[in-house]
Amino acid sequence: MPDVTLVVMTDTPSLWVGNASGFYGDRLCAVHEMLTDGPVDVLTGDYLAELTMAILGRDQLADPSRGYAKTFLRQMRDSLGLIMERRVKVVTNAGGLNPRGLADRLTELAESLGFDPRIACVTGDDLLHRAEELGLDGPLTANAYLGAFGIAACLDAGADIVVTGRVTDASLAVGPAISHFGWTRDDLDALAGATVAGHVIECGAQATGGNYALLDDLVRDGHDPTRPGFPIAEIHADGGAVITKHPGTGGAVTVGTVTAQLVYEIAGARYPGPDVTTRLDTVRLVQEGPDRVRLSGTRGEAPPPDLKVGLTGLTGFRNDVEFLITGLDAETKAALAERQLRAALARRRPEELRFEFVPAEDPHGDTQDKATARLRVTARDHEPTVIGRPFGAAAVELALSGYAGFHLTAPPRDARPDGVAATHALVPASEVEHLAILPDGDRLTIAPAEVTRPLVEVPEPAPPAPPPAGPVREAPLGLILGARSGDKGADANLGVWARDQSEDAWRWIAHHLTVDLLRELLPETADLKVTRHLLPELRAANFWIEGMLAPGTARREGLDPQAKGLGEWLRARRVPLPVTLLPEEARP
């Protein structure tokens, strides 16, 4: 069967775009695996997220020659020979804040290995030097999300490798398709179809069973989720595509895994980009064979006149210390430790000092670990010296004058950068210089779309017929729906879909999983603005929760500052569900 699949791929006029990275830190050997497990025409790598931009910004503060994803060079050292031998094009945003710097390092690496690839890069996204002029308030990084036509121009000029800064994630796949099929800005439906394909594969193994809520369904059907393969989009001339993976690799490509990725990091039925606004409410999915899901029917509209600009800024510095408190009277001991530490820091008090008491599993437990409570202390300040080693030393100095059994989890340490405040702004596309630096060094300015359309929300569609009436049973929501969630700056995004594409489960979602019910089930959302978007073709709904992660990525207090587990929390909540929707084993 795998041999047949490969022959079909080889004989089709489609463009096979594989992805080998979904974030900075993804599986290092994925590039080599994608080159050796089967054929691809283009290999993409997505390394950038809001948090990553801030990390690269900190790198560049320390050394202006940095600011790119260094792991990409390691991957090229291992795989450049295969790339050149198999004539695979590589398109990556690993350039981050310094695409030209990465292109130069890549040229040096190739020369040292005896290769001479034609390398191009796309720049113009970095607006930090113009932040004041554009009314952006002192960010650490400021980058416009560029589109795909600069990438296409580089490939048209014969580039083997294209290194970009901040482009939209989907543009890594759309650019090669533009070059391959000769699309123009008027081919909106084709651009939209390729955007959907790019959106599905951009996060790597999330499209092949990674982070998948309904993992037991994949296991039941004989798939091995231990090491999911990375996805491939077979893009066709009309923009339609098939999502697949190399034969024999782990995980699975199903309507469910593709739906999970489609409802991730969106904010409604209109998905805006620099080149096209994609109507996600038109996308149709069909399982056309094992590990093959066809995307079709996608409609495109003219893009908005403005580009999104991602802004990041450090929210200061933090340090932590954890007191371990064993046995009886733990809360009294914690109160003493708090008073003593506050007094010790009185002369130079941090801007923020937070104490959190975590009770012991059992103060009378049969192991000391079970009998040990914790007092976690977090200090924050914009000046790192205020909460550096002296902060930890102040805790250590209490060792012989504090509560009985005093001990800490770690010695004093330096302060470290706190989380990232990530926000977005809009800038007219005409204000941004989108520049393709071609392999021969020529510089080509990419004009923005001439025809634009202001972005407005799609009215909520008429709901389907109500689900059939009948007996109900209180059960976890996850028995009838899947979910995926994540962060976009200070906002949280939560997508849900009907398990097994069940029409009755979809009806239940549309009629019962309202904003009011969501607020009831997830009390942390109760006072926030929540918007629901229904996507009937996908039997899915998307919830945009504004301000849940304020002030931004990785800065919010709690165990999940990026809302990655929010969807799983929702699936665990118990509500009255129609018995007819429940699996046989969950029925009375």
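## Basis of the model and a buried histidine

In which strand is His533 found? His533 is found in β26, which covers residues 530–535, where helices (H or I, at least four residues) and strands (E, at least two) are DSSP runs numbered from the N terminus. This is a predicted model, in which local features need pLDDT of at least 70 and side-chain atom pairs count only at pLDDT 80 or more, while totals for chains, interfaces and linings use all residues. Residues are numbered from 1 along each chain as its sequence is written, and side-chain values use heavy atoms, with hydrogens and water left out.

His533 has a relative accessible area of 9% and is therefore buried (buried means under 20% relative accessible area, exposed over 50%, partly exposed in between, with a 1.4 Å probe and protein chains only). Leaving aside residues up to four places away in sequence, His533 touches Ala267, Gly268, Glu457, Ala540, Ala541 and Asn542, contact being heavy atoms within 4.5 Å.

## The eleven-stranded sheet

Eleven strands form an open sheet of mixed pairing in the order β11-β12-β8-β7-β1-β2-β3-β6-β4-β21-β22, two strands being paired if DSSP finds at least two bridges between them. At its edges are β11 (284–289) and β22 (443–446), each of which pairs on one side only. Direction ignored, neighbouring strands of this sheet are turned by 20° against each other on average. The antiparallel pair of β11 and β12 (residues 292–296) is joined by five bridges, and Val286 has Arg294 in β12 as its bridge partner.

Within this sheet, β7 (231–235) is largely enclosed by the rest of the structure, because five of its five residues are buried. Pro231, Ala233 and Ile235 lie on one side and Ile232 and Glu234 on the other, so that both faces are covered; in a regular strand the side chains alternate between the two faces of the sheet. Four bridges link β7 to β1 in the antiparallel sense, with Val17 partnered by Ala233, and five bridges link β7 to β8, also antiparallel, with Glu234 partnered by Val242. The hairpin of β7 and β8 has five residues between the strands, and there Gly239 takes a positive phi near 90°.

## Helices across the sheet

Helix α8 (residues 188–201) lies across β1, β7, β8 and β12, running at about 170° to β7, whereas helix α10 (residues 255–262) lies across β8, β11 and β12, at about 150° to β11. These angles run from 0 to 180 degrees between N-to-C directions, and the axes are lines fitted to C-alpha atoms, for helices over the stretch in contact. The axes of α8 and α10 come within 8 Å and cross at roughly 100°, which means that α8 is roughly perpendicular to α10 (65 to 115 degrees counts as such, under 35 as roughly parallel, over 145 as roughly antiparallel and the rest as oblique). Val196, His199 and Val200 in α8 meet Val258, Gln261 and Leu262 in α10.

In helix α11 (residues 330–344), the buried residues are Ala330, Lys333, Ala334, Ala337, Gln340 and Leu341. Seen down the helix axis, they fall within an arc of 130° and so line one face of α11, the arc being that of the directions from the axis to the C-beta atoms. Glu331, Thr332, Arg339 and Ala343 are exposed on the face turned away from the buried side, and the cover over the buried residues includes β15 (317–326), β16 (352–358), β17 (372–381) and α12 (389–396).

Methods. Expected span 1.5 Å × (residues − 1).
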